[in-house]
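Good morning, colleagues. I would ask you to turn to the sequence and the model on the screen.

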Amino acid sequence: MPTDHKYGNATRIIHNRRHQDPFGSPYSPVYNTTTYRFADTEALLDVIEGREDGYLYTRWGTNPTIRELEQGLAALESAGAALAFASGMAAISATLLAHGRKGIVCMGDLYGGTQNLLVNHCQPLGIPVTFLRAHELDQLDAALVEPGMLVFCETPANPTLAILDIHDLARRAHSRGALLAVDNTFASPINQRPLELGADLVLHSATKYLGGHSDLTAGALMTSEPLAKQVAAWRKNLGQLLSPETAALLSRSLRTLPARIRQHNENALALAKAMETHPAVNRVLYPGLETFPGHALAARQMAGFGGMLTIELAASRKQTAAVADRLKVFLLATSLGGVESLVSQPCATSHHGISPQERARQGITDGMLRLSVGLEDASDLINDLEQALSGH
Ligand SMILES: *Cc1c(COP(=O)(O)O)cnc(C)c1O
């Protein structure tokens, strides 16, 4: 079976399966079963007591459809193991509870849900949480006060696309006996593989690029076998598993991931270049532009620059909203990573709940529009932006 590493990503993910289908179907059927019949008590005990790897009860993660998805997810990030979850937040919360209890140090800007979880749930549980800005790297050593802590970051970050150096963060974390977890949702495993750069745990909202069609909610963790095992115990007892139906839908999506990401990258770069010279646009934040501050680092650690970009208009909050409202091909919606292009104004959506001062601290301005560039014809997307910017 071409799932080992002598084959490329696209080949491995298209041929990802665990069993030969008796009817010759290239893909496995969906096992919606919650329980599994054993030949006798001895065979059941072999599985319960861990002597045999078998299927027992789906909430435990022992389901053929979910296992097959996890095999594909692991291959994508060159990981020893992967766990699938009911959402990105399920993956993040189980990982923080399994590996962050001694303390979590966050570097740079975080997804709003993650920030909320850390402040409103982890801190009240007694877990020490420190937030450092991306430029406060020199404070990381001192923040890692004892071994066994967790460093957590996102790169590229939302919505500024700020880039953090994964290799450097892993080195610093490891020198203090800490693990590094990276939320890789924005990049996708096709453009960036943090484990290969030294990270220990990689998280995805599979709701975004991995799913890719805005029709499923799921999450993923890719890591080593021993680190996964500890998270799996939390997933099992918190009941965070996704349904086999959703797992099959996500496996279907993964088969086109390399091709989709190539086109997302291409469309976003074309849009970024067109917007860079537009008179109504102040700044274009896109890691693929040579003028972008994080470009050199992104070029070193990423294989592609992704489908997310932010444009900043020389306009008020209201004028910027009017531009978003005039778009016809881009849909005004939150989320990202689907085949359809989406637009959102961060100060009115993802960063609506935080104070203007905190937004300013994060470099988020009223004139910003965040674009999730889809797979439409790039010329249609450029024309759509141009008509919206010209005001008619
Ligand atoms: C959407 C998102 C999440 C949360 O994922 P859900 O699937 O909505 O739970 C986490 N991190 C990032 C970067 C995201 O964009």
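This is a predicted model: local features need pLDDT of at least 70, side-chain atom pairs count only at pLDDT 80 or more; totals for chains, interfaces and linings use all residues.

Let me begin with the helices. Two packed helices are described by the angle between their axes and the distance between the axes. Helix α4 spans residues 88–99 and helix α8 spans residues 225–238; their axes come within 9 Å and cross at roughly 120°. Because angles of 65 to 115 degrees count as roughly perpendicular and those over 145 as roughly antiparallel, α4 is oblique to α8. The crossing of these two helices is right-handed.

Which residues of α4 and α8 meet? On the α4 side they are Ala94, Thr95, Leu97, Ala98 and His99, and on the α8 side Leu227, Gln230, Val231, Trp234 and Leu238. Sorted by class, this contact comprises seven nonpolar and three polar residues, with no charged ones.

I now turn to the cavities.

The largest cavity holds about 40 Å³ of space. Its lining consists of Ile13, Asn16, Glu68, Gly72, Ser251, Leu254 and Arg255. Helices α3 (64–76) and α9 (244–254) each contribute at least two of the lining residues. By class, the lining has two nonpolar, three polar and two charged residues.

The second largest cavity holds about 30 Å³. Around this second cavity lie Pro156, Leu161, Phe186, Pro287, Phe305, Gly306, Gly307 and Met308. Here six lining residues are nonpolar and two are polar, while none is charged.

Thank you for your attention.

Conventions: Residues are numbered from 1 along each chain as its sequence is written. Side-chain values use heavy atoms; hydrogens and water are left out. Axes are lines fitted to C-alpha atoms, for helices over the stretch in contact, and angles run from 0 to 180 degrees between N-to-C directions. Helices (H or I, at least four residues) and strands (E, at least two) are DSSP runs, numbered from the N terminus. Angles under 35 degrees count as roughly parallel, over 145 as roughly antiparallel, 65 to 115 as roughly perpendicular and the rest as oblique. A crossing is left-handed if the near helix is turned anticlockwise from the far one by less than a right angle, and right-handed if clockwise. Contact means heavy atoms within 4.5 Å. Ala, Val, Leu, Ile, Met, Phe, Trp, Tyr, Cys and Pro count as nonpolar, Asp, Glu, Lys and Arg as charged, and the others, Gly among them, as polar. On a 1 Å grid over the protein atoms alone, a cavity is a set of points where a 1.4 Å probe fits but cannot get out, and a pocket is an open set with protein on both sides within 12 Å along at least five of seven lines; lining residues have an atom within 4 Å of a point. Grid points are joined across faces, edges and corners, and a volume is the space filled by probe spheres set on the points.
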